[in-house]
Amino acid sequence: MNRTTTILIVLIAGLVLADFLLSPHDHVTVPWHYPGGLAAVGFVSCIVVAVLSKGLGKRLLQRPENYDE
Amino acid sequence: MNEVHPILPLLAAAALAWLSPASLRRMFPPIASLFALFLWSRLEDGATISVSLVDHHWELMRADSLGRVFALAFILYTFIAGVYAWSEKNGRSATFMLLQAAGAVGVVLAGDLFSLYIYWELLTVSSLFLIWQGGDPRALAAGMRYVLLHLLGGLCLLAGGVMLLSQGSVRLDESDPSGLAGALILVGLLTNAGVPPLHAWLPDAYPSASIFGTVVLAAYTTKSAVCILIRAFSGEELLVWAGAIMALYGVVFAVLENDIRRLLCYHIVSQVGFMVCGVGLGTDWALNGAAAHAFAHIFYKGLLLMSAGAVVHAVGRSKLTELGQLARPLRWTFVFLLIGAFSIAGLPLLNGFISKSIIIAAAGEAHRTAIELMLEIASMGTFLSIGLKLSWFAFLGDDNGATVQRPVPASMTAAMGIASLICVATGLAPNLLYRLLPAPMDYEPYTAQHVLGMLQLLAGTALGFWILRKKLGTHPTITLDVDRLYRRPTQLVVDGLGAILETAGRWTEDGLAAVGKSNWHVLQSVQATTSRFRLNSQVAIVLATITSIAVIVICFN
C-alpha cells in the first residue's frame with residue numbers, strides 16, 4: 001500500500017469524522033446521508049463504473065482507430 | 001419603443017468582421033461583446049421588442065430573469081472566446097462566432113416561437129460554418145451530419161409551432177405545449193440539447209472543428225436549448241429520467257475516450273443531463289439549479305476546452321495515449337485545467353459546487369432517491385474522467401514522448417485566466433449568481449453537510465482511481481455511439497436515391513438527344529440543368545424530403 005493510498009485513506013477518515021461531529025444527522029432518510037456514506041458511494045461506484053465501462057468497451061463499443069478507413 | 005436588442009452589436013460586428021481585412025477581424029468579438037453587455041445591463045423584466053409582420057405578431061424580444069441570466073453568460077463568454085481566438089490565423093471564425101452568440105442570445109430572449117425559430121436557425125447555420133472552418137475532410141463530413149440532424153430538429157420545432165398556432169398562441173410565456181405539438185417541439189429542443197439518442201452529433205462534430213471552433217461551439221447550442229426547456233417544459237417527468245440517464249451515459253463514454261477533446265464533449269452530454277433532470281424535477285431549487293449549472297458550465301467547460309486546445313496547440317497531439325508529463329512544460333495550462341476540472345467536479349470554493357449541487361439537493365428534497373443516487377454517481381464519474389483521468393494521463397503519468405513544439409500564446413493564457421476568475425469568484429461569492437436566478441432562492445451551499453459530503457465523494461473517487469489507475473489507462477481506440485445505427489443506412493438510402501436520379505437523368509438526356517438533334521440550344525440548356533442537378537443530387541434529395549414532410553405537416557393543419 002503506497003504513500004498516496006495511505007494519504008487518501010487518512011483524508012477520508014478525517015472527513016468522515018468531521019462529518020460525524022459537525023453535520024446534523026437527525027432527518028436522515030437515505031443511507032448515503034450518514035457520515036461516510038458519500039465516500040463509500042464515491043469509492044464503490046468508481047470501481048463499478050470503471051469495470052463496467054471497460055467491459056462495455058471491450059465487448060461492444062470500442063474499435064481500433066482505423067475503423068473508418 | 002426604445003429597447004435595443006443586445007444582439008444588434010453582435011450582428012453588426014459579424015458583418016463588419018466579414019468585410020474587414022484579416023488582421024482586424026479578431027478585434028470584433030471582444031469589442032462587440034462589451035457593447036452587448038452594456039445593452040444587457042439596461043434590460044428590465046418585461047422589456048419587449050415586437051413587430052407585426054406577415055399576419056403575425058413577432059416578439060423579437062421579451063426579457064425576463066431566465067433569459068437575462070443565460071444572455072449574460074453567453075455575452076461574457078463571447079468576450080472570453082474572442083480573446084482566446086486572438087491568435088487564430090483563420091479570420092473568418094470571428095464572424096461565425098458573433099453570429100452564434102447572436103443566435104443564442106436571441107433564442108433565450110425570444111418572446112414567441114417563430115422568432116425563436118429564426119434565431120435557432122441562425123445558430124444552426126453559423127455552427128455549421130464554424131465546424132467547416134476546421135478545414136479537413138473529417139470536418140466537412142461531420143458538418144454535414146450535424147446540419148442534417150439539426151435541420152430535422154428545427155423542422156420539428158417549426159411543425160410543432162405551426163400546430164400550436166392553430167390551437168391558440170405561440171407566445172412563449174402563454175403557450176402550454178402538449179400533445180403532438182408539444183412532443184414535436186420537445187424533440188427539436190432535445191436534439192439541440194444533445195439528449196441521447198439524439199446526441200451523437202456533439203462528440204462527432206465539435207472535436208472536428210479547430211481548437212478555437214470547439215471552444216466557441218460548446219457554449220451556445222446546448223445551453224440555449226436548456227433555457228427553452230426550462231421555459232416550456234419544467235416539471236415534465238420524462239426529463240427527470242432522460243436527464244439522469246444522460247448524465248451517466250456521457251460519463252461512461254468519457255471514461256472510455258482517448259481523445260481529450262472528444263472526452264470533454266461527451267462530458268457536455270453528461271452535464272446537460274444534470275440540467276435536463278433539474279428541468280424535469282420542476283421545483284424552485286431544481287429550476288434555479290438548472291439555470292445556475294448552465295451558467296457555471298459555460299465557463300468551466302469553456303475553460304477545460306481552452307486548456308485542452310492549448311495542449312493540442314503546443315504539443316500537436318490530442319490523445320491521452322500520446323500525452324503525459326506535461327505539467328512542468330505547460331505549467332499555467334495545467335493550473336487552469338485543474339481549476340476547470342475541480343469546478344466541474346464540484347469542489348467547494350469553485351462554481352461547480354454552488355450550482356450542480358443544487359440539482360442533487362433538489363432531488364433529495366423531492367425524495368427522488370434513485371435520481372439523487374444516479375446524479376451523485378454521475379458527479380463521481382465527472383471527477384473520475386476529468387479531474388483524475390484526464391489530468392493524470394495528460395499532465396502527469398507516463399511519458400509518451402509528447403514535447404512542446406510551440407508555446408501557448410499569451411491570448412490563450414489570458415482567456416483561460418479570465419474564465420478561471422469567473423469560476424473562482426462565483427464559487428467564493430455565490431450570491432453574485434444567485435441574485436440573477438429566475439425563481440426565489442434560499443439554498444445555502446456552504447453548510448458543513450454539503451461541503452463535507454462533496455469532499456467525501458471526491459476523496460472516495462480519488463482512492464478508487466488511484467487503486468485502479470493502471471487499468472484506467474486508455475488505448476488507441478474509437479468508441480461507437482448510436483449514430484452508427486443510422487450513419488450507414490442513411491448513406492445507403494441517399495446513394496440509392498442518387499443512383500435512381502442519375503439513371504433518370506441519363507434517360508432524359510438520351511431521349512432528348514434523339515428527339516432534338518436539330519434543336520441544339522434547347523438540348524444544351526437541358527443538359528446543363530440536369531448535370532448540375534446530378535452533382536447535388538444527394539443534398540437535393542434530402543432537402544426535398546425534408547420540405548415534403550414540412551408541407552405534409554402544414555397541410556394536416
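This is a predicted model: local features need pLDDT of at least 70, side-chain atom pairs count only at pLDDT 80 or more; totals for chains, interfaces and linings use all residues.
Residues are numbered from 1 along each chain as its sequence is written, chains are lettered from A and ligands numbered from 1 in the order in which they are written, and side-chain values use heavy atoms, with hydrogens and water left out.

**Exercise 1. Salt bridges**

Find how many salt bridges the structure holds over all chains, and describe where the partners R68(B) and D45(B) lie.

Solution. Begin with the criterion, which asks for a side-chain nitrogen of Lys or Arg within 4 Å of a carboxyl oxygen of Asp or Glu. Over all chains, the structure holds six salt bridges. In one of them, the side chains of R68(B) and D45(B) meet with an N to O distance of 2.7 Å. This pair links distant parts of the chain, 23 residues apart, since R68(B) is in helix α4 (residues 65–84) of chain B and D45(B) is in the loop between α3 and β1 (48–53). Helices (H or I, at least four residues) and strands (E, at least two) are DSSP runs, numbered from the N terminus.

Next, consider R145(B) and D204(B), whose closest N and O atoms are 2.8 Å apart in a salt bridge. Here too the pair links distant parts of the chain, with R145(B) in helix α7 (residues 137–167) and D204(B) in helix α9 of chain B, 59 residues apart.

**Exercise 2. Buried or exposed?**

Decide for D45(B), R145(B) and D204(B) whether each is buried, partly exposed or exposed.

Solution. The cut-offs are under 20% relative accessible area for buried, over 50% for exposed, and in between for partly exposed (1.4 Å probe, protein chains only). D45(B) has a relative accessible area of 53% and is therefore exposed. R145(B), at 28%, is partly exposed, whereas D204(B), at 11%, is buried.

**Exercise 3. Cysteines**

Work out how many disulfides the structure holds, and why C265(B) is too far from the closest cysteine sulfur for a bond.

Solution. A disulfide is a covalent bond between the sulfur atoms of two cysteines, and the criterion used here is a pair of cysteine sulfur atoms within 2.5 Å. The structure holds zero disulfides over all chains. For C227(B), the nearest cysteine sulfur is that of C277(B), 18 Å away. The sulfur of C265(B) is too far for a bond because the closest cysteine sulfur, in C423(B), is 17 Å from it.

**Exercise 4. The backbone**

Solution. As a background, most residues other than glycine have a negative phi, and most peptide bonds are trans. With 61% relative accessibility, H367(B) counts as exposed.
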